[in-house]
Amino acid sequence: MQATLPARLYGCPDAWARERSAVFGKAWLFLGHEAEAPATGDWIATDIAGHRLLAVRGGDGALRAFHNVCRHRAGPLVSGSSGHCGGELVCAYHGWRYALDGRLRAATGFGAAEAFDPRAFGLLALRLETWRGLVFATMDAEATPLLDHVAPLDALLASRGLTIAAPALRRSHELACDWKTYAENYLEGYHIGSVHPALADELGAAEYRVRVEGDLVLQEAIGVNDGPQAGVWGWLWPNLGVNVYRHGAMIERMTPTGPGRTRLDYLFLHDGGEGAIGEALAASDRLTAEDAAICEAVQANLSAGAYEAGVLSERHEAAVAWFQSRLAGIHP
Ligand code: FES
Ligand SMILES: [Fe+2]
């Protein structure tokens, strides 16, 4: 039986700093759907564990990812989650201008007398790859290709005849809990009976299956193939739920925003077919409210000092054990 991670790591500034670099600085991070930036100059941006990232569509049609930070004195190139910048990215602070491929075009106002090579001050680039329209970036130049990480989920979706539809809308929720608290809750079905009574009724006697494959956790409720919950719940290390149903999908990023603080960033995708998106939103709102309430209560208890560590069930919490084992490797 595996012991849990110590409670002191949940909401701790030192743990947050280590996770920022050793987890989020190394992983493939989800930014959005490529259809959210269809034209030259369209961009999407986000912050994940304090990393401020953007992807912009170049004149050659390619999406490129950069840190959303100007090389002069760290001003922002864009603000918000999506938009259009025209033919170049212009810093909001002093107006340095960057081409859409990241090259510095003009250090606005710098004179010819200043010894300065603009080629050394291009935007800080990240690797960007897409899978089924979903856009990911990584700060790790050595990371193995994204497709290697998602291959088992890709194969499972193909075998179930499921596809990822076009993006329909985004929604976010702020939670007073550590990202680990929420992710661990997502990685087990053990709490469904207590926390989600309506979902438990829908699932009925279905067998709830959880398996770990490489960087993925794959969850399925076997035996509800015609119900609204029929589908595949994938989860990609370190913080991305990829829930795919027959008429749509819901991408759920568990975005750390600080020690003990999380923002859930949902992207709903829908094929426009049977099963309205309103139904998916209502189900999501209900489940999120139930999960948020229990996760915030758990976080308060983790921070209260009475509890140091517990134990995990091999039968029900194998994916939580896997998640915690990976994190144990980076924390002293
Ligand atoms: S910080 Fe960007 S132009 Fe000064
Ligand atoms: Fe839940």
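Mentor: C177 is buried, with 0% relative accessibility (buried means under 20% relative accessible area, exposed over 50%, partly exposed in between, with a 1.4 Å probe and protein chains only). The closest cysteine sulfur to that of C177 sits in C295, 4.9 Å away, which is too far for a bond; a disulfide here is a pair of cysteine sulfur atoms within 2.5 Å. C85, at 23% relative accessibility, counts as partly exposed. Its sulfur has its closest cysteine partner in C91, but at 13 Å that's too far for a bond as well. So the disulfide count comes to zero by the 2.5 Å rule.

Mind the ground rules: this is a predicted model, where local features need pLDDT of at least 70 and side-chain atom pairs count only at pLDDT 80 or more, while totals for chains, interfaces and linings use all residues. Residues are numbered from 1 along each chain as its sequence is written, chains are lettered from A and ligands numbered from 1 in the order in which they are written, and side-chain values use heavy atoms, with hydrogens and water left out.

Now zoom out. Of the chain's 332 residues, 49% count as buried, C177 being one of the buried ones. As for contacts (heavy atoms within 4.5 Å), residues 24 or more positions apart make up 61% of those with a separation of 6 or more. The C-alpha atoms fill a box of roughly 75 × 50 × 30 Å along the principal axes.
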